[in-house]
Amino acid sequence: MAKAKVKPAPEVRLPTPFEAVGLRIQKAINSPAAQKLKSVTVSKLPGESADDWDGVLELLGELDNVTLEFLDDGNVEISWVKPEED
């Protein structure tokens, strides 16, 4: 009897710290409450790098129709408007 070939398990790649910050903020933005309000307030978590946090916010700030408001308490309010359709 021939042995069945076993496929190797796919390699699992963990997100980089930068990607983890982005994914966390993306999850907050995609929440039903945020989608309804078209706004969400996020904060840097203690274990997150300031460089990763700033980098993700910089990328978000470059997007059309997205506004970042840096609050006095260190949080950031991200708001957006749906672009007009032609």
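This is a predicted model: local features need pLDDT of at least 70, side-chain atom pairs count only at pLDDT 80 or more; totals for chains, interfaces and linings use all residues.
S39 is placed in strand β1. The side chain of S39 forms a polar contact of 2.9 Å with the side chain of E77. Setting aside neighbours within four places in sequence, the contacts of S39 are A34, E77, I78, S79 and W80.

One of those contacts, S79, lies in strand β3. At 22% relative accessibility, S79 is classed as partly exposed. K38 and S79 are 41 residues apart along the chain, yet their C-alpha atoms are separated by 5.7 Å.

Strands pair through backbone hydrogen bonds, in either a parallel or an antiparallel sense. Here three strands make an open sheet, in the order β1-β3-β2, with antiparallel pairing. The edges are taken by β1 (39–42) and β2 (66–70); each has a single partner strand, so one side of each has no neighbour in the sheet. On average, and with direction ignored, neighbouring strands are turned by 20 degrees against each other.

Between β2 and β3 (residues 76–80), the antiparallel pairing runs over five bridges. Within this pairing, T67 has S79 of β3 as its bridge partner, and V66 stands opposite W80 in β3. The hairpin of β2 and β3 has five residues between the strands, and in it G74 adopts a positive phi near 95 degrees.

Helix α3 (residues 50–61) packs on this sheet and touches β1, β2 and β3, with its direction at about 140 degrees to that of β2. The helix has twelve residues, and from first to last C-alpha it reaches 16 Å, close to the 16 Å expected at 1.5 Å a residue. At its N-terminal end, α3 is capped by S49, which has a side-chain oxygen 3.1 Å from the backbone nitrogen of D51.

Which residues of α3 are buried? They are D52, W53, G55, V56, L57 and L60. An α-helix has 3.6 residues a turn, so residues three or four places apart point the same way. The buried residues of α3 pack against α1 (17–29) as well as β1, β2 and β3.

Not counting residues up to four places away in sequence, I78 touches I25, I29, K38, S39, V40, V42, L60, V66, T67 and L68. This list includes L60, one of the buried residues of α3.

How values were computed: Residues are numbered from 1 along each chain as its sequence is written. Side-chain values use heavy atoms; hydrogens and water are left out. Two strands pair if DSSP finds at least two bridges between them. Helices (H or I, at least four residues) and strands (E, at least two) are DSSP runs, numbered from the N terminus. Axes are lines fitted to C-alpha atoms, for helices over the stretch in contact, and angles run from 0 to 180 degrees between N-to-C directions. Contact means heavy atoms within 4.5 Å. The expected span of a helix is 1.5 Å times one less than its number of residues. Buried means under 20% relative accessible area, exposed over 50%, partly exposed in between (1.4 Å probe, protein chains only). A polar contact is a pair of N or O atoms within 3.5 Å; within protein, one must be able to donate a hydrogen and the other to accept it, and residues adjacent in sequence count only if both atoms are side-chain atoms.
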